[in-house]
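Please read it alongside the sequence and the model.

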Amino acid sequence: MGGEQSLIHGLGIGFRDKTEEPLPPGPGKERIIVGIDFGTTHSAIAWAQTSSPEEYEVITHWPGQSGKDWGKVPSDISYTTSRPASNPTPAPVPSPSPTPSVNSESNIPRPESTSSETAALGFKWGFEVLPTDPQKLSWIKILLDPSQPRPNFVNPKKMTLPKGKKPVDIVTDYLGALKSHTVQTLERRLGKEVVQKSKVEYVLTVPAVWSDKARQMTMEAAIRAGLGVGAEEGETGLLKLITEPEGAAEYALRSIQPNSMKVGDCFVVCDAGGGTVDLISYRISSLIPLQLNEVAIGTGALCGAVYLDRRFEDFISKRIGRDKFDAMDHRARFQMNQFWETYVKREFVDDEGVQRDEEEEEENENKLFWVPVMGVPDDEDKGIRGGFLKLSRREVKEIFEPIVAQVLELISKQVIEVLKSGKGPIAAILLVGGFGSSEYLYQRINRWAADKINVMQPRNAWTAVVRGAIIRGLQGDIAAVQSRLSRRYYGVVHDSKYDESKHDEAERTWHPLRCEWVVKNRIQWYIRRGDVTTEQKKISFPFYRTVAESDLVGDAHQLKTELWVCDEEVAPDKRIKGDHSVRKLCVMSSEPVPVSRFTKHTNEKGEAFYRVDYSLDMTVTSGVVVYEMSLEGEKASVGRVTTKYE
């Protein structure tokens with residue numbers, strides 16, 4: 001592995017061009033790295049072999065697809081029990097890719113889905129799902145994290161799940177379809193024998209703003225989908241989670257001109273996708289090899305492009321009337337949304353140099369959008385004429401405004417935090433993601449920056465995250481991001497020995513086993529918000545537990561520990577009834593530990609009890625937190641730790 005790591009290490013800030021002399025393959029078994037960007041509206045897959053890392057490919061051919069190549073596939077799924085024997089009519093493509101993939105070949109046959117394949121799966125996915133399919137499920141990713149506050153600038157929309165299906169089940173099915181298509185693509189490119197002999201490793205991206213529980217659910221769905229199958233006993237790394245903005249940073253910094261940034265510069269990554277907008281900031285500590293350190297606590301929110309779509313539909317519904325909107329034929333509604341997606345949302349720019357009053361704008365046909373609303377009767381007062389609805393630029397800006405304003409607020413707060421850190425000048429804001437490709441969003445951020453900060457849209461911004469996932473996978477254990485900042489407090493709630501100099505006497509209570517006064521519900525924070533964490537360093541929570549002899553059953557006892565978190569800037573030191581800022585994150589349970597490893601004591605009443613001193617060890621990675629337990633004085637862990645999230 002050493003030679004292979006140094007190979008990737010030496011890539012510096014960019015992959016070699018295909019025309020250069022190929023890099024020599026590393027030793028050991030061939031590995032295939034697969035990056036998966038599971039998005040709210042669209043998902044992407046890229047892959048590479050470790051023997052030729054510069055030859056990575058973004059998959060552009062999908063089942064049910066027609067026409068040109070697409071760098072992403074819709075994150076849609078539809079459950080069905082039957083399907084016509086022939087291949088379905090190709091679905092109209094809902095959202096084009098603005099850029100072709102690296103090393104794509106247009107003459108490679110497109111994969112076709114068959115009725116038997118879909119019948120076996122029990123569902124259609126991606127381009128197979130017609131936009132007009134009444135069973136279509138979209139935005140399934142958002143269901144994994146219900147704790148995220150929903151925006152108040154769109155009307156809530158309920159989603160009815162198939163009977164017996166939970167969100168994690170649906171995500172499992174979708175990720176399983178992505179994996180199956182990936183394997184088919186690899187076999188087509190490399191041959192079945194090569195794929196079977198190679199070790200396939202997956203790198204899956206998650207929003208940085210997501211909760212620990214949502215990340216764990218994503219990991220669970222991915223493993224159930226087969227992305228972690230084949231891991232040898234005790235081995236990790238066949239499935240790796242990284243955050244989306246971290247993946248975007250890995251790629252974006254390698255795609256811009258080398259002289260654009262220097263050691264000591266800070267930059268803000270704004271990953272504006274379909275559902276979430278994530279911001280994360282780094283300082284460059286080395287260019288060759290690329291090394292980054294997080295300098296401000298990451299932030300984010302649900303204010304991605306899908307909420308523009310929701311606001312557009314809400315606008316049309318309000319203009320023509322809810323009854324007429326609900327009565328629209330599904331084909332007419334699809335045509336309406338396609339026009340918005342292709343000709344308005346993607347192409348809209350703020351022509352601030354030509355400020356006109358409303359009447360003048362109304363007369364200028366070139367400045368109007370005519371949205372198809374087939375089947376809706378003409379109404380001059382509402383601007384409906386011949387099956388088209390008049391949409392002014394001012395109205396488009398009103399649709400954009402609440403979402404763009406929230407993105408600007410997130411960027412502003414992030415920039416302030418970077419400046420407060422005093423770690424260095426902000427060289428640039430890197431705008432990536434599907435929504436990050438928006439010309440209007442770029443204009444607004446550029447205007448906000450007022451030429452004081454460069455605003456850059458790296459090439460391939462739409463697929464920057466999945467390209468970064470490939471880079472991260474190829475690096476092995478050598479990650480560009482050297483350190484991160486904790487987004488929240490992590491700790492345990494415990495009984496503390498009463499100290500009259502610290503505690504109120506009214507709070508004390510007698511502990512019958514330890515025979516001493518204690519105060520309950522005290523919190524010991526082991527990781528604080530803003531603490532620096534690295535993947536190489538375990539963070540240990542040392543504590544002890546007393547167990548009455550009468551509570552022991554058999555010669556082994558399971559240790560259970562509750563982990564609590566707080567997202568506030570300043571966390572309290574005790575739990576107070578009615579204060580919801582401190583919440584239980586999960587309960588960790590060890591395998592049964594032999595009682596012989598505990599120490600036996602007798603209290604002043606002559607009652608026997610056991611004391612066990614142990615530690616909870618946490619390793620904070622990009623995507624998930626890894627938990628272990630170990631007894632005091634013993635290097636080995638107490639076995640597998642299961643984690644049940646609240």
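Helix 11 has a kink of about 45° at Glu401, shortly before the proline Pro402; the bend at a residue is the angle between axes fitted to the seven residues ending there and the seven starting there. This is a predicted model, in which local features need pLDDT of at least 70 and side-chain atom pairs count only at pLDDT 80 or more, while totals for chains, interfaces and linings use all residues. Residues are numbered from 1 along each chain as its sequence is written, and side-chain values use heavy atoms, with hydrogens and water left out. Helices (H or I, at least four residues) and strands (E, at least two) are DSSP runs, numbered from the N terminus.

**Helix 11**
- The 29 residues of helix 11 should span 42 Å at 1.5 Å a residue, and its end C-alpha atoms are 40 Å apart, which agrees; the expected span is 1.5 Å times one less than the number of residues.
- Gly422 follows helix 11 and has a positive phi, near 65°.

**Helix 9**
- The buried residues of helix 9 are Ala332, Phe334, Met336, Gln338, Phe339, Trp340, Glu341, Val344 and Lys345; buried means under 20% relative accessible area, exposed over 50%, and partly exposed in between (1.4 Å probe, protein chains only).
- Their cover includes helix 7 (305-320), helix 8 (322-327), strand 12 (369-372) and helix 11 (393-421).

**Aromatic rings**
- Rings of Phe, Tyr and Trp (its six-membered ring) pair if their centres lie within 6.5 Å; planes under 30 degrees apart count as stacked, over 60 as edge-to-face and the rest as tilted.
- By this rule there are 14 aromatic pairs.
- One of them is Phe339 with Tyr343, a tilted pair at 5.4 Å centre to centre and 40° between the planes.
- Phe339 and Tyr343 are 4 residues apart in helix 9 (residues 330-345), which means that about one helical turn separates them.
- An α-helix has 3.6 residues a turn, so residues three or four places apart point the same way.
- Phe339 has a relative accessible area of 18% and is buried.
- One aromatic cluster is formed by Phe312, Trp340, Phe348, Phe369, Phe400 and Tyr440.

- Tyr440, in helix 12 (residues 439-449), is buried at 0% relative accessibility.
- Tyr440 lies 91 residues from Val349 in sequence, yet their C-alpha atoms are 4.8 Å apart.
- Beyond its neighbours within four places in sequence, Tyr440 has contacts (heavy atoms within 4.5 Å) with residues including Phe348, Val349, Phe400 and Glu401.
- Leu389 belongs to strand 14 (residues 388-391) and is buried, with 0% relative accessibility.

**Ser198**
- Ser198 sits in the loop between helix 4 (192-197) and strand 7 (199-206), and at 9% relative accessibility it is buried.
- The Ser198 side chain reaches the backbone oxygen of Val194 at 2.7 Å.

Definitions and conventions
A polar contact is a pair of N or O atoms within 3.5 Å; within protein, one must be able to donate a hydrogen and the other to accept it, and residues adjacent in sequence count only if both atoms are side-chain atoms.
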